[in-house]
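Please look over the sequence and the model below. Then follow the walk through its helices.

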Amino acid sequence: MTTPEVRTRAVRLGPRSLAALCLVSAVGVAGFGWPLFADPTSQVAAHAQDAPWLFAGLLVLLVAVVTATISESGLGPKAVAMLGVLAATGAALRPIGAGTAGIEPMFFLMVLSGRVLGPGFGFVLGSVTMFSSALLTGGVGPWLPFQMLAMGWFTMGAGLLPGPDRMRGRGELALLAAYGFCAAFAYGTVMNLAGWPFMGALASNVAFDPHADVTANLARFLAYCVATSLGWDLGRAVVTVVLTLTLGAPLLKALRRATRRAAFETPVTFEAR
């Protein structure tokens with residue numbers, strides 16, 4: 001009988017890190033979802049073109065606070081090295097599918113990395129990878145903080161999946177593939193929410209209407225998603241599933257081997273000569 005492998009986390013979330021993460025997530029939910037929940041007579045709805053900029057600026061500060069808090073709670077030199085390698089790899093993978101129907105292999109790497117290294121490391125990795133790839137591709141704009149937060153959620157969620165210490169083999173790959181498929185659509189949907197209020201009168205039948213109620217705007221938003229991003233999200237989801245099922249096993253093995261050898265939770269000591 002084999003002893004289950006106990007996962008070593010690169011970053012352990014303490015109470016302060018969890019509190020900061022909950023805060024930025026709450027503001028992020030408000031930043032993404034305000035068009036659907038704002039009262040038509042509220043000042044937020046009256047400033048539909050300005051609100052995304054406000055939330056983007058606030059998210060920049062909050063993501064920085066969360067990253068600093070998590071770093072303070074235990075992001076040591078070994079974890080920083082692992083973070084740099086994975087973030088650079090993810091940033092290099094993203095331009096491969098730029099403008100090509102959702103062929104984005106970066107998502108597959110984020111899912112597997114979050115699974116092996118845990119939710120705390122996953123959130124930092126997702127945010128840093130998206131920031132690095134934006135610098136690499138010139139994709140810096142008011143949408144970037146939303147992308148960083150959404151990718152942080154995406155990668156963190158993989159670290160929260162059940163059975164990290166015991167589940168292995170085909171069952172684990174099936175779980176990760178299913179999560180990657182759903183999360184790829186979720187990522188596209190929340191990013192649509194971030195840009196939808198900017199449409200204005202460009203497409204009156206699917207654009208955000210600050211004077212409409214929640215039901216009408218939800219119908220408009222769903223029509224907007226189908227018309228603009230369904231094909232792209234489906235491509236991203238399928239690519240993530242295919243790469244997870246074909247390349248997932250060796251990559252998971254390599255990540256776990258690297259984690260064991262790094263021994264993140266073992267302090268670095270120097271012997272006197």
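**How the helices pack**

H5 and H8 make a right-handed crossing; a crossing is right-handed if the near helix is turned clockwise from the far one by less than a right angle, and left-handed if anticlockwise. This is a predicted model, in which local features need pLDDT of at least 70, side-chain atom pairs count only at pLDDT 80 or more, and totals for chains, interfaces and linings use all residues. Residues are numbered from 1 along each chain as its sequence is written, and side-chain values use heavy atoms, with hydrogens and water left out.

First, the overall plan. The protein has 10 helices and zero strands. Along the sequence the pattern reads α-α-α-α-α-α-α-α-α-α. Helices (H or I, at least four residues) and strands (E, at least two) are DSSP runs, numbered from the N terminus. Of the 273 residues, 48% are buried. Buried means under 20% relative accessible area, exposed means over 50%, and partly exposed lies in between (1.4 Å probe, protein chains only). Among contacts with a separation of 6 or more, 82% join residues 24 or more positions apart. Contact here means heavy atoms within 4.5 Å.

Back to H5 and H8. Their axes come within 10 Å and cross at roughly 125 degrees. Axes are lines fitted to C-alpha atoms, for helices over the stretch in contact, and angles run from 0 to 180 degrees between N-to-C directions. H5 and H8 are therefore oblique to each other. The angle classes are roughly parallel under 35 degrees, roughly antiparallel over 145, roughly perpendicular from 65 to 115, and oblique for the rest. On the H5 side, Phe-107, Val-111, Leu-112 and Arg-115 make the contact. They meet Glu-172, Leu-175, Leu-176, Tyr-179, Gly-180 and Tyr-187 of H8. By class, the H5 contact with H8 has seven nonpolar residues, one polar and two charged. Ala, Val, Leu, Ile, Met, Phe, Trp, Tyr, Cys and Pro count as nonpolar, Asp, Glu, Lys and Arg as charged, and the others, Gly among them, as polar.

H8 also packs on H7. Helix H7 spans residues 144-159, and helix H8 spans residues 170-195. Their axes are 10 Å apart, at an angle of about 160 degrees. H7 is therefore roughly antiparallel to H8. The crossing of H7 and H8 is right-handed. H7 brings Phe-146, Gln-147, Ala-150, Met-151, Trp-153, Phe-154, Gly-157 and Ala-158 to the contact. H8 answers with Tyr-179, Ala-183, Ala-184, Tyr-187, Val-190, Met-191 and Ala-194. In the contact of H7 with H8 there are 13 nonpolar residues, two polar and no charged.

Now turn to H4 and H5. These two pack at about 160 degrees, with axes 9 Å apart. H4 is therefore roughly antiparallel to H5. H4 passes H5 in a left-handed crossing. Met-82, Leu-86, Thr-89, Gly-90 and Leu-93 of H4 touch Met-106, Leu-109, Met-110, Ser-113 and Leu-117 of H5. The contact of H4 with H5 divides into seven nonpolar, three polar and no charged residues.

What lies inside? The largest nonpolar core has 52 residues. Such a core is a set of buried Ala, Val, Leu, Ile, Met, Phe, Trp, Tyr and Cys residues joined through side-chain atoms within 4.5 Å. Phe-32, Leu-86, Met-151, Phe-154 and Tyr-187 have the most contacts inside this core. H1 (15-37), H4 (77-93), H5 (106-117), H6 (119-137), H7, H8, H9 (214-228) and H10 (230-262) each supply at least two of its residues. In soluble globular proteins, nonpolar side chains tend to be buried together.

Take Phe-154 as a worked case. Neighbours within four places in sequence aside, Phe-154 is in contact with Phe-107, Met-110, Val-111, Tyr-179, Ala-183, Ala-184 and Tyr-187.

Gly-188 is found in H8. Gly-188 counts as buried because its relative accessibility is 5%. Beyond residues up to four places away, Gly-188 touches Asp-233 and Arg-236. Asp-209 sits in the loop between H8 and H9. With 24% relative accessibility, Asp-209 counts as partly exposed. Leaving aside neighbours within four places, Asp-209 is in contact with Asn-217 and Arg-220. Ala-88 lies in H4 and is partly exposed, at 46% relative accessible area. The C-alpha atoms of Ala-88 and Ser-132 are separated by 7.4 Å, though 44 residues apart along the chain.
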